[in-house]
Amino acid sequence: MRLLGLGRFDPSARFAGGVFWFAAHTPAGPASLGLARDGGELLATAYGDGATWMLDHAAALAGLDDDVTAFPALAATHPVVAELARVHRGIRFPATGLVFPRLTRAILEQKVTGKEAFRAWSGLVRRHGTPAPGPCPDLWLPPTADVVAGLAYWALHPFGVEQRRAQTILRAATLAASLSRCTDSASLTRRLLDIPGIGPWTAAETVRTVFGDPDAVSVGDFHIPNTVAWGLAGEARGDDARMLTLLAPFAGHRGRVCVLLESAGIAAPRFGPRMPIRSFARF
């Protein structure tokens, strides 16, 4: 379920008491969904005006609709991927069907550290979102597109978001209704790439979770090309072109390979200092 949240302390997606909780504004209204395991079964409970919508989409949100039937044959062509597919065989891609919250989070993650992205997302949700329905403590609904569209770009500065990313989020908010009408990864990707401030990385991060797209590759990422080059070819460094070449045999599941490598903790050697944690709010 980690693809649905930004870290363990995401205010809108978290584990509490053995239950995974996910809060969102659905087409039917605000709702929260709780997912828990009972032996070999998945139990889903939902609250709020959009509870029925959440329950109808519970299997997709839990990744149970993720089709992996073609992947074992592809994985078998590379010993590392074959082993990852065996050890992490339970990993599935969830599909939320909800564009704006995931797109907003992806924009906030552009070219910053994970801690900076979490700080921005958490601040935005807690300041402009609302408490989620249901019994989960401290679970929040992300702000709606209408709420975000009504903000000035400098309203995001206290969360460490500079003007460029802030204005991209505001553009996305004004287009949220039309974006939500896209029915597949290809059409949503085309629409997203037409928006100033959104590139292939942001589009891939979005469609991977909105549609559970296992082939979405985050081109332009700082770490992933090195991870793929190291994990699949033993090369300490790689660029996007090399990454795509190494992933080509896994077409249809290229994003799945990237997620498996990350899940296994595979990372290329580091040769320099970590990126510093910055605070635009203090500039």
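Author: Let's start with what counts as a pair: rings of Phe, Tyr and Trp (its six-membered ring) qualify if their centres lie within 6.5 Å, with planes under 30 degrees apart called stacked, over 60 edge-to-face and the rest tilted. Searching the whole structure on that basis turns up 3 aromatic pairs. One of them is W21 with Y47, a tilted pair at 6.0 Å centre to centre and 35 degrees between the planes. W21 belongs to strand β2 (residues 19-26) and Y47 to strand β4 (residues 41-47), so this pair ties together parts that are 26 residues apart in sequence. Strands here are DSSP runs of E, at least two residues long, and helices are runs of H or I of at least four, numbered from the N terminus. W21 is buried at 7% relative accessibility, while Y47 comes out partly exposed at 33% (buried is under 20% relative accessible area, exposed over 50%, partly exposed in between, with a 1.4 Å probe and protein chains only).

Then there's Y153 with W154, an edge-to-face pair: 5.3 Å centre to centre, with 75 degrees between the planes. Y153 is partly exposed at 24%, and W154 is exposed, with a relative accessible area of 56%.

A word on where this comes from: it's a predicted model, so local features need pLDDT of at least 70 and side-chain atom pairs pLDDT 80 or more, while totals for chains, interfaces and linings use all residues. Numbering runs from 1 along each chain as its sequence is written, and side-chain values use heavy atoms, with hydrogens and water left out.

Rings also meet a charge here. R256 lies over the face of F71, 5.7 Å from the ring centre, and over the face of F93 as well, at 5.1 Å. For an Arg, that takes CZ (NZ for Lys) within 6 Å of the ring centre and within 35 degrees of the ring normal.

S218 is buried, at 1% relative accessible area. Its side chain makes polar contacts with the side chains of E205, at 2.4 Å, and R208, at 3.0 Å (N or O atoms within 3.5 Å, one able to donate a hydrogen and the other to accept it, and for residues adjacent in sequence both must be side-chain atoms). Beyond four places in sequence, S218 also has contacts (heavy atoms within 4.5 Å) that include W201, A204, I224 and M243.

T168, in helix α8 (residues 163-174), is buried too, at 0%. T168 touches I107, P196, G197 and I198, leaving out residues up to four places away in sequence. Between T168 and H157 there are 13 Å, C-alpha to C-alpha, with 11 residues of separation in sequence.

Now zoom out. The chain has 14 helices and 6 strands, and 49% of its 283 residues are buried. Its C-alpha atoms fill a box of roughly 50 × 50 × 35 Å along the principal axes. Of the contacts with a separation of 6 or more, 60% join residues 24 or more positions apart.
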